[in-house]
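Reader: I am new to this structure and would like to go through it by question and answer. Please show it to me.

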Amino acid sequence: MPRGGPRTRSVRALAALSVAVPLAFLVGRGLGFWRVRLAVGRLLALLPDDGAPDHVQVLPPPPDEYAGTLPTTPAETRERLPEEGFSELVRAYFHAYDRDGETVHEVGSFVHRPEGLTGDWQVHVRLFPAPDGATEVWAHWEPNPYVAPLAHLRMEGYDPARGRRMAAELIDDLRCARGDDAA
């Protein structure tokens with residue numbers, strides 16, 4: 001026979017959640033959120049995509065989001081982006097693509113919100129290791145999901161060209177992939 005009624009179970013569930021969430025945050029901070037995301041992305045890539053919703057699939061980044069490369073390693077890039085106004089983005093789709101028969105997984109997801117956490121828009125950048133040890137940057141402009149979650153999911157105002165331009169403006173040494181992104 002279960003102990004306690006529905007109210008007791010709800011209180012226990014809330015208590016467990018209040019411990020689990022900060023613990024998960026501390027583990028993510030200690031290991032690096034990018035490592036947690038990479039491990040989850042690799043596991044999800046093993047699952048069949050048939051019938052799975054987008055948020056549990058590992059998707060290729062859209063080609064028009066490719067912004068260019070940085071001469072720094074992914075580790076160095078992850079360290080410097082917060083100095084350039086970016087914060088790590090934990091909650092985002094997982095991305096990977098095929099490069100010469102090898103799957104290349106995203107090794108960083110960052111966001112810059114010009115108007116702060118509650119601003120309407122953000123530039124979202126994803127980092128991938130380049131073959132030469134440098135860092136590939138993929139970027140897009142989109143609604144802030146904390147302010148406009150439905151518009152974000154519907155991709156209203158999604159703009160890869162603006163994201164690439166803003167990434168080039170915000171990130172020193174980003175070698176742009178397209179002439180239309182020159183500062």
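**Rings, sheet and spaces**

Author: Ring pairs link Tyr66, Tyr97, Phe128 and Trp138 into a cluster; rings of Phe, Tyr and Trp (its six-membered ring) pair if their centres lie within 6.5 Å. This is a predicted model, in which local features need pLDDT of at least 70 and side-chain atom pairs count only at pLDDT 80 or more, while totals for chains, interfaces and linings use all residues. Residues are numbered from 1 along each chain as its sequence is written, and side-chain values use heavy atoms, with hydrogens and water left out.

Reader: How are the planes of Trp121 and Trp141 arranged: stacked, edge-to-face or tilted?

Author: Planes under 30 degrees apart count as stacked, over 60 as edge-to-face and the rest as tilted. The ring centres of Trp121 and Trp141 are 5.7 Å apart and the planes are at 10°, so the pair is stacked.

Reader: Is Trp141 buried or exposed?

Author: Buried means under 20% relative accessible area, exposed over 50%, and partly exposed in between (1.4 Å probe, protein chains only). Trp121 has 32% relative accessibility and therefore counts as partly exposed. Trp141 has 5% relative accessibility, so Trp141 counts as buried.

Reader: Which residue lies over the face of Trp141?

Author: A charge sits over a ring if NZ of Lys or CZ of Arg is within 6 Å of the ring centre and within 35 degrees of the ring normal. Over Phe94, at 4.7 Å from the ring centre, lies Arg37. Over the face of Trp141, at 4.1 Å from the ring centre, lies Arg162.

Reader: In what order do the 3 strands of the open sheet stand?

Author: Strands (E, at least two residues) and helices (H or I, at least four) are DSSP runs, numbered from the N terminus, and two strands pair if DSSP finds at least two bridges between them. Strand 1 and strand 4 pair in the parallel sense over 2 bridges, whereas strand 4 (residues 94-99) and strand 5 run antiparallel, joined by 4 bridges. The pairing is mixed, and the order is 1-4-5.

Reader: Why is one side of strand 1 and of strand 5 left without a neighbour in the sheet?

Author: Strand 1 (58-59) and strand 5 (102-105) stand at the edges of the sheet, so one side of each has no neighbour there. The reason is that each has a single partner strand.

Reader: Which residue in strand 5 stands opposite Asp98?

Author: Strand 4 and strand 5 form a hairpin with 2 residues between them, and Asp100 in the turn has a positive phi of about 55°. Tyr97 stands opposite Val104 in strand 5. Opposite Asp98 stands Thr103.

Reader: What is the volume of the largest pocket?

Author: On a 1 Å grid over the protein atoms alone, a pocket is an open set of points with protein on both sides within 12 Å along at least five of seven lines, and a cavity is a set where a 1.4 Å probe fits but cannot get out; lining residues have an atom within 4 Å of a point. Grid points are joined across faces, edges and corners, and a volume is the space filled by probe spheres set on the points. The largest pocket has a volume of about 610 Å³.

Reader: Which element gives the largest share of the lining of the largest cavity?

Author: About 70 Å³ of space lies in the largest cavity. Helix 2 (33-45) and strand 4 each supply at least two lining residues. The largest share, 4 residues, comes from helix 2.
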